[in-house]
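Reader: I am new to this structure. Please walk me through it in short steps.
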Amino acid sequence: MGNKTAEWTDIVDLDYSHPELWDYQIETLCFWANYIDGFRCDVAPLVPMDFWLKARAAVEQVRPGCIWLSESVEPEFILDNRNRGFYAASDCEVYSAFDLCYDYDIRGKYDAYLQGQIPLSVYTDAIWQQEAIYPANYVKLRNLENHDRQRAKALIPDQKMLRNWTAFYFLLKGMPLIYGGQEVCSDHRPDLFVKDTVNWNTGLSITPLLQKLCALKKEEIFGTGIFEMEADDAADLVSIRWSLGSQTIAGVFSLKGKQGEAAIGLPDGEYRNLLDDSTVTVKNKKAETTGEPLVLRV
């Protein structure tokens, strides 16, 4: 017994050339579909998409509308497996069977920007490219941290920066993930193989911000509206604009927590920041930020 990824010492690969394996696993999925709302499938791209399509069709008979989340993988991991003669599906292929994919396809750019290796626009251009290369209804699972990655607080120790990154990720197209402990800015990365509980007494909390962002994210505009984004490398500012009919929601995020001015594309006037109720003035279709995230509504 073994696997294609040697460091995964707790994993044994299964042989999907056997139809009996498909039947057994699909029977198991259908059993659990009686009790749950969806499946998160670990490293799903290494399992044939034909299997996932057959499994999805069977589960749909038990749990209509079941949610399918793929832990999709980095481009480098896809290429490494293919170059060694193994199957590995791209995100484009994964979307044929899954509702959501991780955003590991751009994770390298996120890390590179935080480390000062690339300008902001290179990172945001990678996000923007997703609009054209994936299906029109694609959904990315947006996350600053997760079980396999370093804590956001460890990567972004400044609280003002962390608030901006949190709000920015919520306003991106897709579904935001809150990893346990992110609410209290935990910088401890849990061990996956032993009991390692969250310390809820860090002395920090972004819970009020998350509550406002969660309520906002449920609005229809973020599901069916038009998404636009623009980055300012010099100021490390990114602006996001959502529009649906006569409604517009726009945000300005200072990813280095600095004061600055960004094009926001809203009519001149005074607006209420939906995140902290402060008053924001838009002049010449630009909004000035003190370094805190701004989200405005027309």
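Author: Helices (H or I, at least four residues) and strands (E, at least two) are DSSP runs, numbered from the N terminus. This is a predicted model: local features need pLDDT of at least 70, side-chain atom pairs count only at pLDDT 80 or more, and totals for chains, interfaces and linings use all residues. Residues are numbered from 1 along each chain as its sequence is written, and side-chain values use heavy atoms, with hydrogens and water left out.

Reader: In which helix does S121 lie, and which residues does S121 touch?
Author: S121 lies in helix 6, residues 120–133. Contact means heavy atoms within 4.5 Å. Not counting residues up to four places away in sequence, S121 touches A231 and D233.

Reader: Is S121 buried or exposed?
Author: Buried means under 20% relative accessible area, exposed over 50%, partly exposed in between (1.4 Å probe, protein chains only). S121 has 19% relative accessibility, so S121 counts as buried.

Reader: How many helices and strands does the protein have?
Author: Both kinds of element are present. The count is 10 helices and 13 strands.

Reader: What radius of gyration does the protein have?
Author: The radius is taken over C-alpha atoms, and the globule rule is 2.2 Å times the number of residues to the power 0.38. For 298 residues, a compact globule would have a radius near 19 Å. The protein's value agrees with that: 21 Å.

Reader: What share of the residues is buried?
Author: The share is taken over the 298 residues in the protein. Buried residues make up 46%.

Reader: How far apart are the end C-alpha atoms of helix 8?
Author: Helix 8 covers residues 159–171. The expected span is 1.5 Å times one less than the number of residues. Its 13 residues should therefore span 18 Å, and the distance in the model agrees: 19 Å.

Reader: How many residues of helix 8 are buried?
Author: Helix 8 is mostly covered. Among its buried residues are W165, F168 and Y169.

Reader: Where is G291, and which residues does G291 touch?
Author: G291 is found in the loop between strand 12 (286–289) and strand 13 (294–297). G291 counts as buried because its relative accessibility is 0%. Not counting residues up to four places away in sequence, G291 touches K160, N164, S254, G257, K258 and Q259.

Reader: What distance separates the C-alpha atoms of G291 and R163?
Author: Along the chain, G291 and R163 are 128 residues apart. Their C-alpha atoms are separated by 9.7 Å.
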